[in-house]
Amino acid sequence: MSFTPGTSTNLIFSYHSNEARFLSKRISSHLAPTLPSQPPTPVSDLAVYPFIPPTYNLLKAVYTRSYSSIYNILLSTSWSPELEPLASTFLEHFRRKTFKLLSYAYTTITPSQAATYLGLENKSEQVVLEKLIAEGWIWDGDQGLLKTVAKGDDDEDVEGVISEAKGGKDGRIERLTGLVTHLTEI
Amino acid sequence: MTPVSSDSTSSRNRESSNSIQPTQAAIMALASNPTFSVEYIATLTANTQHTPHILVELLADLEASAITTTLTQRTTNLISTYYSAFLLSLLLIDDV
């Protein structure tokens, strides 16, 4: 596998999920009140509220960039009719954005790695190849690698993400917010 | 009894009802509790005209109602739906 110069070996997502983390704290204080001497009930354990644990676990997976967990939660949860539109939209856009970032960050990638990043782990290699070739990637059977192709219209979408990750002004705000979030957890 | 398009409801409620025809049960529920109900949340999440930012704004407006809702077996689904929709919407802001 090879990488284009100047990019990280990890995919970079600049999710502004701190607002969601703050909300999860408010959820915890609302739904899991305990005596001061007791540790608070984790939001992920609030099983009486059926969709809060999977949504909270999704937030954690996004924050830790656990791709397998993100797709597993989105695809294995039986979302209610009220939540299904949001879960479906998130899955679609997350997959699309990840594909664009893969096209930017990698020059070549194995089918199994692409499947992990795109939530296609339960698909056969043939199906994964067909999907990605249909998106313009090129299969090199001799090396067993997919050659990515970054489309011109992807650049603008990915540029902002990379800029923030490298410390653009929005990135600084993001890091500051992250620090405050971290301090509230101590 | 009037659905959410009544003049007495907010402009955002009117916006949310534009592309959705609520069921009679939903209309009844909205009339008795025009804001914080599963039916209202359903109209918000099903409305494809809403951007994630608008959706978050609309859901944030309901947080005071959520916090003051008595936690009982009857309100479990409402609270679960509300907070889950709010979290998913915040994640969507990052992704769309």
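Two residues are in contact here if their C-beta atoms, placed from the backbone, lie within 7 Å. This is a predicted model, in which local features need pLDDT of at least 70 and side-chain atom pairs count only at pLDDT 80 or more, while totals for chains, interfaces and linings use all residues. Residues are numbered from 1 along each chain as its sequence is written, and chains are lettered from A and ligands numbered from 1 in the order in which they are written.

1. Leaving aside neighbours within four places in sequence, L88(B) is in contact with T55(A), L83(A), L86(A), A87(A) and F90(A).

2. L88(B) also belongs to the core story. With L87(B) and L91(B), L88(B) has the most contacts inside the largest nonpolar core, which has 57 residues. Such a core is a set of buried Ala, Val, Leu, Ile, Met, Phe, Trp, Tyr and Cys residues joined through C-beta atoms within 7 Å. A residue is buried if 20 or more other C-beta atoms lie within 10 Å of its own, exposed if 12 or fewer, and partly exposed in between. Helix α6 (residues 76-95) of chain B gives the largest share of this core, eleven residues. In soluble globular proteins, nonpolar side chains tend to be buried together.

3. Now the interface. Chain A puts 31 residues into the contact and chain B 25 residues. On the side of chain A that touches chain B, the elements giving two or more residues are α1 (18-31), α2 (52-63) and α4 (84-105). The largest share, eight residues, is from α4(A). By type, that side of chain A has 20 nonpolar, eight polar and three charged residues. Here Ala, Val, Leu, Ile, Met, Phe, Trp, Tyr, Cys and Pro count as nonpolar, Asp, Glu, Lys and Arg as charged, and the others, Gly among them, as polar.

4. Chain B has six helices and zero strands. Helices (H or I, at least four residues) and strands (E, at least two) are DSSP runs, numbered from the N terminus. Of the 96 residues in chain B, 40% are buried.

5. In chain A, α2(A) has buried residues including T55(A), L58(A), L59(A) and V62(A). What is phi of R65(A) near? The value is near 55°, positive in a residue other than glycine. Most residues other than glycine have a negative phi. R65(A) is partly exposed, with 13 other C-beta atoms within 10 Å.

6. The axes of α4(A) and helix α5 (residues 111-118) of chain A come within 9 Å and cross at roughly 145°. Axes are lines fitted to C-alpha atoms, for helices over the stretch in contact, and angles run from 0 to 180 degrees between N-to-C directions. R95(A), T98(A), F99(A) and L102(A) of α4(A) meet A114(A), Y117(A) and L118(A) of α5(A).

7. Last, the sheet: three strands of chain A form an open, antiparallel sheet in the order β1-β3-β2. Strands pair if DSSP finds at least two bridges between them. β1 (108-109) and β2 (138-140) of chain A are at the edges with a single partner strand each, so one side of each is left without a neighbour in the sheet. β2(A) and β3 (residues 145-147) of chain A pair over three bridges, and D140(A) has L145(A) as its bridge partner in β3(A).
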